[in-house]
Amino acid sequence: MKIAVVAPSCTLTRQSADRLEALVRERGDCEVAIHPQCFLTEGHFAGPDEARLSALREVMADRSVDAVWFARGGYGSNRIAEAAVADLPNAARSKVYVGYSDAGFLHAAFHKAGLEVAWGPMPTDFHREDGAALRL
């Protein structure tokens, strides 16, 4: 299973990404591809709206990706949700989209468009001190 990570809202820290990659390697039963867009910054967003939308649409269209995991929350996803579901590529329908918090804007738009969504923890949760957010 290949999981693509994109940041439709706020930037993913390198620390969270490193911890996620280490845990995935330890498991050995899936592959994670963290899109470079996750580390862009514009204000508190992971790059401008166009970059966040482009990265999301790229992984939605990638036939090798089985799941799209939203890096973290933040209201930036509401700014691209409508455009994200416009003229969906066929490959977008074969994936599950995972996240919570403000990723709910995308979840609602994707669900309405007939895509599979799942409410669940995000890669940013890997940096939490208590470790309670994710147990792989």
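Reply: In this predicted model, strand 4 (residues 96–99) is joined to strand 5 (residues 116–119) by four bridges, and the two strands run parallel. Within that pairing, tyrosine 97 stands opposite valine 117 in strand 5. Between the two strands the chain passes through helix 4 (residues 104–112), and this β-α-β crossover is right-handed. Strand 4 is also joined to strand 3 (residues 67–70), by three bridges and again in parallel. Here the partner of alanine 67 is valine 96 in strand 4.

The side chains of a regular strand alternate between the two faces of the sheet. In strand 4, Val96 and Val98 point one way, while Tyr97 and Gly99 point the other way. All four of these residues are buried.

Helix 4 bears directly on strand 4. The buried residues of this helix are Leu106, His107, Ala109 and Phe110. Their cover includes strand 4 along with helix 2, strand 3, helix 3 and strand 5. After helix 4 comes glycine 114, which has a positive phi, near 90°.

The model has four aromatic pairs. One of them joins phenylalanine 70 to phenylalanine 110, with 6.4 Å from centre to centre and 50° between the planes, a tilted arrangement. Phenylalanine 70 belongs to strand 3 and phenylalanine 110 to helix 4, so this pair links distant parts of the chain, 40 residues apart. Both phenylalanine 70 and phenylalanine 110 are buried. Another pair consists of tyrosine 97 and phenylalanine 110, and this one is edge-to-face, at 4.8 Å centre to centre with 70° between the planes. Because tyrosine 97 lies in strand 4 and phenylalanine 110 in helix 4, the pair ties together parts that are 13 residues apart in sequence. Tyrosine 97 is buried, as is phenylalanine 110. Phe70, Tyr97 and Phe110 form one aromatic cluster.

Helix 2 (residues 49–61) also packs in this region. Its 13 residues reach 18 Å from the first C-alpha to the last, close to the 18 Å expected at 1.5 Å a residue. Arg52, Ala55, Leu56, Val59 and Met60 are its buried residues. Viewed down the axis of helix 2, these buried residues fall within an arc of 135°, so they line one face of the helix. They pack against strand 4, and also against strand 1, strand 3, helix 3 (81–84) and helix 4.

The loop between helix 3 and strand 4 contains proline 89. This proline touches Arg57, Met60 and Ala61, leaving aside residues up to four places away in sequence. Proline 89 and methionine 60 are 29 residues apart in sequence, and their C-alpha atoms are 7.2 Å apart in space.

Glycine 28 follows helix 1, with a positive phi near 75°.

Strand 1 and strand 2 pair in parallel over four bridges. Valine 5 has isoleucine 34 of strand 2 as its bridge partner. The chain crosses from strand 1 to strand 2 through helix 1, and this β-α-β crossover is right-handed.

To return to strand 4: its residues are buried, it is joined in parallel to strand 3 and to strand 5, and it is among the elements that cover the buried residues of helix 4 and against which those of helix 2 pack.

Key: Residues are numbered from 1 along each chain as its sequence is written. This is a predicted model: local features need pLDDT of at least 70, side-chain atom pairs count only at pLDDT 80 or more; totals for chains, interfaces and linings use all residues. Side-chain values use heavy atoms; hydrogens and water are left out. Buried means under 20% relative accessible area, exposed over 50%, partly exposed in between (1.4 Å probe, protein chains only). Two strands pair if DSSP finds at least two bridges between them. A crossover is right-handed if, with the strands pointing away from the viewer, the path from the first strand over the helix to the second runs clockwise. Rings of Phe, Tyr and Trp (its six-membered ring) pair if their centres lie within 6.5 Å; planes under 30 degrees apart count as stacked, over 60 as edge-to-face and the rest as tilted. The expected span of a helix is 1.5 Å times one less than its number of residues. The arc is that of the directions from the helix axis to the C-beta atoms. Contact means heavy atoms within 4.5 Å.
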